Amino acid sequence: MKKNQILLVTFLLMAAVTFSQAKPKHRYLKPLNAVKGVTVIIDGKSKDYYPLHQTTLTEINLTGPGKLKVLTRCRFSPGQTGKAKYEIYYVVDGGKPALFKAANVSRSIEAAYLKGADGVPGQLREFEIELGPGQHNISFRVGKNKSPVAARYAFTPAKSKKQEWIAMSPANPFEIVELVAKEGVLSYFRFSPELPLRVTLNGPTELQVLTRAEFSYNMRGAIHYRVQVKLDGKIINTYQLSSRKSETTTYKNNSQLIPGKGNEFVILVPKGKHTIELIPLDKDKNTILGRFMIPAGNVKPSKQPGK
């Protein structure tokens, strides 16, 4: 009997450890432009929510893949009656705006503000945003709501699928720049607003884009830059990126510049033949270095003569 009890306890402990390891962990994110949060007390624990505005965008930067859960609450002012509704608009990587609607929201019976004079928090309303690999910028704003709205952001990363990538040359390589990194010598291509980077390929496939800013030795801090992506002449995304001087990568043939740390994003290319174009939007910034990669499984061998 005692032996069976020991075996049962051991099994339960192993199951608990396995469950805790398998369950993905999330982390809460603070918006880039957040100044002051709104403290909500739930079960004796304080949680920070950040106000959303109608004209000023709230921005979140993160690296995927994973899920971004947006937890929202409106505020009932003292004496406010009835139920509330509100709208939140959000844009992922400069794409088309999406809309989240919350309706029939009542006062929460389990949440309260740290300062009771602020009113009463509304019931929790949440939605999720699926994000692919690479860096992402998500912006939020509210519609013409009667009640103020605040949000909390929880990101749960997902495991990236293991995949071999093959470098792909652009259609207009006007200047090749060789960088020395741990992987060896890597070829990047310098591009600018006047000379964007283009590549033509057959889908469906994924196109991994690696970019780096360029620093002179006297520059300090980070360089913030934007890269617009066009598919067959139509804008599909605008990536807002940030780079600091790399500590592990150097130029092979240029001692006057320092490459920035790499940024990555992935473009999903639909079926058929398409042209992708990368255009830096900041004319006051230095040139940008870019590099294209596609999955090894999508590289088709060239036909041999006579076959």
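## Salt bridges, cores and a buried asparagine

Glutamate 130 counts as exposed, with a relative accessibility of 59%; here exposed means over 50% relative accessible area, buried means under 20%, and partly exposed lies in between (1.4 Å probe, protein chains only). Its chain is a predicted model, in which local features need pLDDT of at least 70, side-chain atom pairs count only at pLDDT 80 or more, and totals for chains, interfaces and linings use all residues. Residues are numbered from 1 along each chain as its sequence is written, and side-chain values use heavy atoms, with hydrogens and water left out.

**The chain as a whole**

Let's step back for a moment. The protein chain has one helix and 20 strands; helices (H or I, at least four residues) and strands (E, at least two) are DSSP runs, numbered from the N terminus. Of its 307 residues, 39% count as buried. The protein chain exposes about 18600 Å², and carbon and sulfur atoms supply 53% of that area, as computed by the Shrake-Rupley method with a 1.4 Å probe, where for residues only the protein chains shown count as cover. Among contacts (heavy atoms within 4.5 Å) with a separation of 6 or more, 74% involve residues 24 or more positions apart.

**Salt bridges**

How many salt bridges does a search of the whole structure find? There are seven, each being a side-chain nitrogen of Lys or Arg within 4 Å of a carboxyl oxygen of Asp or Glu. Three of them are set out here.

| Glutamate 130 | Lysine 67 | 3.7 Å |

Because lysine 67 lies in strand β4 (residues 58-76) and glutamate 130 in strand β9, the pair ties together parts that are 63 residues apart in sequence. Lysine 67 is partly exposed, at 37% relative accessible area.

Are glutamate 214 and arginine 190 buried or exposed? Both are buried. Salt bridges that share partners join Glu175, Arg190 and Glu214 into one network.

**Asparagine 137**

Strand β9 (residues 125-142) also holds asparagine 137, which counts as buried at 4% relative accessibility. Not counting residues up to four places away in sequence, asparagine 137 touches Glu59, Ile60, Asn61, Val91, Val92, Asp93 and Gln240.

**Nonpolar cores**

In soluble globular proteins, nonpolar side chains tend to be buried together. A nonpolar core is a set of buried Ala, Val, Leu, Ile, Met, Phe, Trp, Tyr and Cys residues joined through side-chain atoms within 4.5 Å. The largest one here has 26 residues, and those with the most contacts inside it are Leu201, Leu207, Phe265, Ile267, Ile276, Leu278 and Phe292. Strands β13 (184-191), β14 (197-216), β15 (223-231), β16 (234-243), β19 (263-280) and β20 (288-295) each supply at least two residues of this core, and β14 gives the most, with seven residues. Apart from this core lies another, of 25 residues, including Leu52, Ala84, Val105 and Phe155.

**Around strand β2**

Strand β2 (residues 38-42) pairs with strand β3 (residues 45-51) in the antiparallel sense over five bridges; two strands pair if DSSP finds at least two bridges between them. The two strands form a hairpin with two residues between them, and aspartate 43 in the turn has a positive phi of about 55 degrees. Strand β2 also runs antiparallel to strand β7 (residues 111-113), joined to it by three bridges. Isoleucine 42 stands opposite lysine 45 in β3, and its bridge partner in β7 is alanine 111.
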